Amino acid sequence: MSDVATLPPIVTAIRESRRALARLLTRIENHAAASELAALYPFGGKAHLIGVTGAPGTGKSSLVNWMAKAYRAEGKTVSILAVDPTSPFSGGAVLGDRIRMRDLHGDSGVFIRSMATRGNLGGIARTTKDMIRALDAAGFDIVLIETVGAGQSEVEIASAAQTVIVVEAPGLGDDVQAIKAGILEIADILVVNKADNPGVESTLRALRAALDLGHRVERVMHHGKLMDVPAVPVIGEDSAWQTPILQTIATNGTGVSELLTKIAEHRAYLQESGVQRLRERASISAEIEERLRDLLLARLIERVGAAHVQATIERVLRREIDPNSAAQALLADSG
Amino acid sequence: MAERKIRVLVAKPGLDGHDRGAKVVARALRDAGMEVIYTGLRQTPEMIVEAALQEDVDVIGLSILSGAHMALVPRILELMKAHDLNDVKVVLGGIIPDEDVPVLKQMGVSGIFGPGSDTQEIIEHIRKVVSLE
């Protein structure tokens, strides 16, 4: 990596040209960059990948804006991947996260890209991980990933980012909301934004109680619950990291420097404890499994023929066979 | 595999604060299956072109009601050229006097839609000028 001459052309291109990077991101999004992703993969792994998630309207974009500014003040380069939902009816999307990030304009150390979920329900898009890999290989120190406004089950960010920040705001729910399964459990750092709004004390109390409860019930580790998250079956993760609860006001940047300090502490913890390796292993094995499943399915359909699959579906609809037997029969026909 | 989507940047350059039209168009393009990057009010030409570059859009949609279009549009086109965004189409909406229309089209604006335009017209225009290979 020290020898520039050995870099693949795509890596040189995306490090030197923002236009080349932007175009590569488009090809990744359209599933047309397999060979480029293969070429750049060895040159990633240096950026700190930070996920920011939370309910709509909690102030994620504004917070990301301030975080990016604070990282720039430290001299770090920042890329932002902002995900918004695709309309399930038209397939279109309005991506509005840039509205809150206008302060970052004119800084060549910042690159912002908006993307739509394109039908994926996990809070990010299916191609988000590959987009992150491109931004990582392009040499950014920090990759901030802002998920769609997420609630209780949009937890895929936990397998795409290293440090996950869950943003809450006063007045969004009672203490029962806080102990439901979901994004609270994937938080490495909890942020109560809009900390100047009324009700902040009771929100803090509910979150603290929820975290304490988590410790007692789980006995050993609050991250242990991550095993419920399909893509991140974390095994053997220890409990040395206590999820901190911070307060910010993203309209004026209050609390952001404390947040950056905690993020740096979390990164150090991940690396020193070996948890990062564990998480990466779990996430990569889940990803390979998922990709294998897609490939195998495609190959199977190719072998038996789409028409035969359709015919089998019709038989199930006529209740001649049940869905499980249908799948078994198709598998047998493919061999 | 996901199909290729048309990506459109909708921006309001200049100082007027009337973004209703831009929002209506953004919504209509969304309903037509496009991905709209909405950047909000008071964008400078530099901000618009930089955002278009990072977002790799096919179309820049501008809404100008301040009367400053003869200053803003040439500047944006010039910056686009400087950044090699030659294949990006520019569509303009807002209050544009008739006599300015041919001049703006001559400069390279692909479509101009004044008050009362049907959003369907805009959608069809964009679909026509963007070639998805």
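Figure 1. Buried here means under 20% relative accessible area, with exposed being over 50% and partly exposed in between (1.4 Å probe, protein chains only). Among the buried residues of H5(A) are A:Lys129, A:Asp130, A:Arg133 and A:Asp136, along with A:Met131, A:Ile132 and A:Leu135. Just after H5(A) comes A:Gly139, with a positive phi of about 100 degrees. Helices (H or I, at least four residues) and strands (E, at least two) are DSSP runs, numbered from the N terminus.

As a note for all views, this is a predicted model in which local features need pLDDT of at least 70 and side-chain atom pairs count only at pLDDT 80 or more, while totals for chains, interfaces and linings use all residues. Residues are numbered from 1 along each chain as its sequence is written, chains are lettered from A and ligands numbered from 1 in the order in which they are written, and side-chain values use heavy atoms, with hydrogens and water left out.

**Figure 2. Chain A meets chain B.** The contact (heavy atoms within 4.5 Å) takes 27 residues from chain A and 33 residues from chain B. The area buried between the two chains is about 2,600 Å², of which carbon and sulfur atoms give 48%; this is the accessible area (1.4 Å probe) lost on putting the two parts together, summed over both. In chain A, A:Arg19, A:Arg98 and A:Arg102 lose the most area to chain B, together 24% of what that side buries.

**Figure 3. A salt bridge joins the chains.** Here the side chains of A:Arg23 and B:Asp87 meet in a salt bridge (3.3 Å, N to O). The term asks for a side-chain nitrogen of Lys or Arg within 4 Å of a carboxyl oxygen of Asp or Glu, and the count between chain A and chain B is 9 salt bridges.

**Figure 4. Strands of chain A and chain B pair up.** S3(A) and strand S2 (residues 35–43) of chain B pair in the parallel sense over 3 bridges; pairing requires at least two DSSP bridges between the strands. Look for A:Val94, whose bridge partner in S2(B) is B:Val36.

**Figure 5. B:Lys12 is a buried lysine.** This residue lies in strand S1 (residues 7–13) of chain B, and B:Lys12 counts as buried because its relative accessibility is 1%. A polar atom of the B:Lys12 side chain lies 3.1 Å from the backbone oxygen of B:Ser63.

Notes. A polar contact is a pair of N or O atoms within 3.5 Å; within protein, one must be able to donate a hydrogen and the other to accept it, and residues adjacent in sequence count only if both atoms are side-chain atoms.
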